[in-house]
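Please open the model in your viewer and keep the sequence panel beside it. The stops below each begin with something to select, followed by what is there.

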Amino acid sequence: MRSGGGGEREDEEAAHKLKSMDVNKLEKGGNGSSSDEDSPHPPRPAVKYHGWRAMPFIIGNETFEKLGTLGTSANLLVYLTQVFHMQSVDAATLLNGLNGTSSLAPIVGAFLSDAYLGRYLALAIATVASLIGMFFLTLTAGADSLHPPDCGVGEVCQKATSYQFAVLFIAFVFMVIGSAGIRPCSMPFGADQFDPHTESGKRGINSFFNWYYFTFTSAMLVSATVIIYVQSNVNWALGLGIPTALMFLASVLFFAGTRLYVRVVPEGSPFTTVVQVFSAAIAKRSLKQPKDPKQDLFDPPHTSAIVTKLAHTDQFRCLDKAAMVASPDEVRPGGEVAANPWRLCTVQQVEEVKCLIRIVPVWSTGIIYYVAVVQQSTYVVFSALQSDRRLGSSFHVPAASFTVFAMLAQTLWIPLYDRILVPRLRKVTGKDEGFTLLQRQGIGIALSTVAMVISAVVEDRRRGIALNQPNIGKTQTGGGISAMSSFWMVPQLMILGLSEAFNLISQIEFYYKEIPEHMRSVAGALAFCNLALGNYLSGFLTTIVNKTTAGGQNWLAQDLNQGRLDLFYWTIAGIGVFNFVYFIICARWYRFKGASN
């Protein structure tokens with residue numbers, strides 16, 4: 001990351017050369033709307049991009065924030081079952097719901113950020129909210145009155161009271177608010193610090209996505225080892241207190257870099273344009289399709305220096321009617337402004353809506369993809385609890401720490417891909433990024449399906465050994481612990497991690513590049529919306545399978561040795577095959593932003 005210094009100087013020089021930037025987009029700017037010489041407004045100041053100089057504060061904040069929030073949530077399934085004494089299916093369902101809500105909330109946060117708050121203020125509010133939520137969660141572990149009393153193996157455990165659950169849910173609410181602002185805004189906010197008009201700035205943005213995710217997975221790695229070990233082997237109060245302290249450091253670091261940040265001012269609701277285009281298209285649905293779009297559609301000069309001018313495309317031609325001038329009075333004198341934006345839209349507005357519609361099929365494949373990914377935080381943990389977790393003679397690896405192998409695969413792969421493979425792939429594919437964004441997403445989906453097949457085979461082996469050989473002990477809930485080593489699950493987890501390295505990074509970069517610039521917080525939220533719906537779908541699938549098979553051999557029995565978790569994994573693998581075929585169809589149909597007809 002130190003090598004970005006030269007690019008930073010280029011960014012600053014280019015910024016001084018830009019005599020007219022869209023000042024309405026900047027908090028420190030003026031009020032102009034055109035860069036023409038005859039504009040009544042004075043020349044607008046250039047934007048000073050600090051590039052990599054701002055990254056220690058942004059990536060540092062993200063690192064400590066992820067150390068805090070992931071250190072809290074990574075072991076939450078064990079916390080709910082062992083401290084709050086919830087049944088495994090209930091805990092898994094609650095965790096899927098919490099993760100889903102935390103991932104769906106960014107859609108709301110992105111809307112508020114782009115429409116009213118701006119990314120900086122949204123991040124500031126969310127950072128403080130996360131800190132408050134983690135403080136309350138720490139209290140539930142540290143105060144005896146806020147959790148049920150401890151119980152031993154084989155004892156009847158006392159359930160949590162309504163008051164105790166209320167405090168727990170208050171903590172969850174604040175953490176969800178934190179997720180709503182941090183997840184959609186942190187990555188676009190970091191990308192905002194680079195000048196997109198210079199080559200060094202463009203390279204900085206591309207590299208930023210990879211290194212951002214590298215620090216993200218590194219934080220996950222520490223959370224899944226050190227912090228989880230403290231929680232499982234020392235005590236929960238200290239184990240949750242450490243992430244809270246790290247979240248406090250993240251807050252301090254974020255506010256310390258305030259003077260360096262480029263802050264983009266919100267322009268109003270980004271969804272207003274979408275509604276206007278559909279409204280105008282419906283109102284003019286009886287008009288005939290334009291024969292010559294260049295002549296028949298309303299396409300005034302494009303003045304924004306921030307938002308890319310989009311050429312007309314022939315997909316979704318029914319929406320072109322929104323830009324047809326039905327009568328002269330629909331355009332104000334001068335011919336550049338619509339008299340009523342709800343009756344007449346520009347070609348630019350129509351094409352921006354087309355961009356969003358084109359993304360939807362590709363985006364939808366991520367929902368099914370995440371059904372496989374989320375299993376590493378639920379039933380993989382339960383499988384680890386009922387297998388031999390000994391490392392050496394006495395050390396037991398915490399069950400939730402096995403997700404570290406997925407993170408390890410990501411952490412090792414990202415710099416290997418970015419620094420070693422991409423330069424070589426450029427020569428073969430002719431693409432700056434090596435594989436295209438859609439190719440990387442497809443590879444990730446295929447790998448997730450392979451991981452589920454391996455998961456099914458390993459679980460069948462674990463269960464077979466548990467039923468046919470002496471068990472080495474019992475879990476707190478009474479299930480027999482199989483003599484099979486938990487490390488047999490490492491290959492499936494590393495393949496899942498590699499799958500995320502391919503799919504998740506390319507998803508976020510895909511949305512960021514393909515969605516219009518003034519909707520970039522929405523772009524940051526889309527991948528997390530996938531994760532949200534994937535969690536909900538996983539929870540729904542878990543509930544359906546549990547109820548459907550409850551009459552016979554319950555696939556998801558409390559004691560996995562009496563269930564058939566392997567068949568559950570085979571089901572997810574089958575869904576993954578369908579999703580991969582569906583993705584190929586969507587990818588072949590997709591047209592990238594700015595591509596010609």
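Begin by selecting Y379 and F382, which both lie in helix 12 (residues 379–385), three residues apart, about one turn of the helix; helices here are DSSP runs of H or I with at least four residues, strands are runs of E with at least two, and both are numbered from the N terminus. The model is a predicted one, in which local features need pLDDT of at least 70 and side-chain atom pairs count only at pLDDT 80 or more, while totals for chains, interfaces and linings use all residues. Residues are numbered from 1 along each chain as its sequence is written, and side-chain values use heavy atoms, with hydrogens and water left out.

Are Y379 and F382 buried or exposed? Y379 is buried, with a relative accessible area of 2%, and F382 also counts as buried, at 9% relative accessibility; buried means under 20% relative accessible area, exposed over 50%, and partly exposed in between, for a 1.4 Å probe and protein chains only.

Stay with the aromatic rings for the next selection. Rings of Phe, Tyr and Trp (its six-membered ring) pair if their centres lie within 6.5 Å, and planes under 30 degrees apart count as stacked, over 60 as edge-to-face and the rest as tilted. By this rule the count comes to 32 aromatic pairs. Select Y120 and Y261, a tilted pair with 6.0 Å centre to centre and 50° between the planes. Y120 lies in helix 5 (residues 119–142) and Y261 in the loop between helix 8 and helix 9 (271–283), so the pair ties together parts that are 141 residues apart in sequence. Both Y120 and Y261 are buried. By comparison, Y379 and F382 form an edge-to-face pair, with 5.4 Å centre to centre and 65° between the planes. For a group of rings, select Y79, F84, F165, F169, F172 and W236, which form one aromatic cluster.

Next, show helix 2 (residues 55–73) together with helix 8 (residues 236–256), whose axes come within 8 Å and cross at roughly 160°; axes are lines fitted to C-alpha atoms, for helices over the stretch in contact, and angles run from 0 to 180 degrees between N-to-C directions. That makes helix 2 roughly antiparallel to helix 8, given that angles under 35 degrees count as roughly parallel, over 145 as roughly antiparallel, 65 to 115 as roughly perpendicular and the rest as oblique. Where the helices meet, the residues include P56, F57 and G60 in helix 2 and L240, P243 and L246 in helix 8, contact meaning heavy atoms within 4.5 Å.

Then move to helix 14 (residues 437–468) and helix 15 (residues 490–514), which pack at an angle of about 155° with their axes 8 Å apart. Helix 14 and helix 15 are therefore roughly antiparallel to each other.

Select K284, in the loop between helix 9 and helix 10 (293–296). K284 is buried, with a relative accessible area of 2%, and, leaving aside its neighbours within four places in sequence, K284 is in contact with K321, A322, M324, A326, E330, R343 and L344.

Finish at G576 in helix 17 (residues 565–589), which is buried, with a relative accessible area of 10%. Which residues does G576 contact, leaving aside its neighbours within four places in sequence? They are I445 and T449; G576 and I445 are 131 residues apart in sequence and 7.3 Å apart in space, C-alpha to C-alpha.
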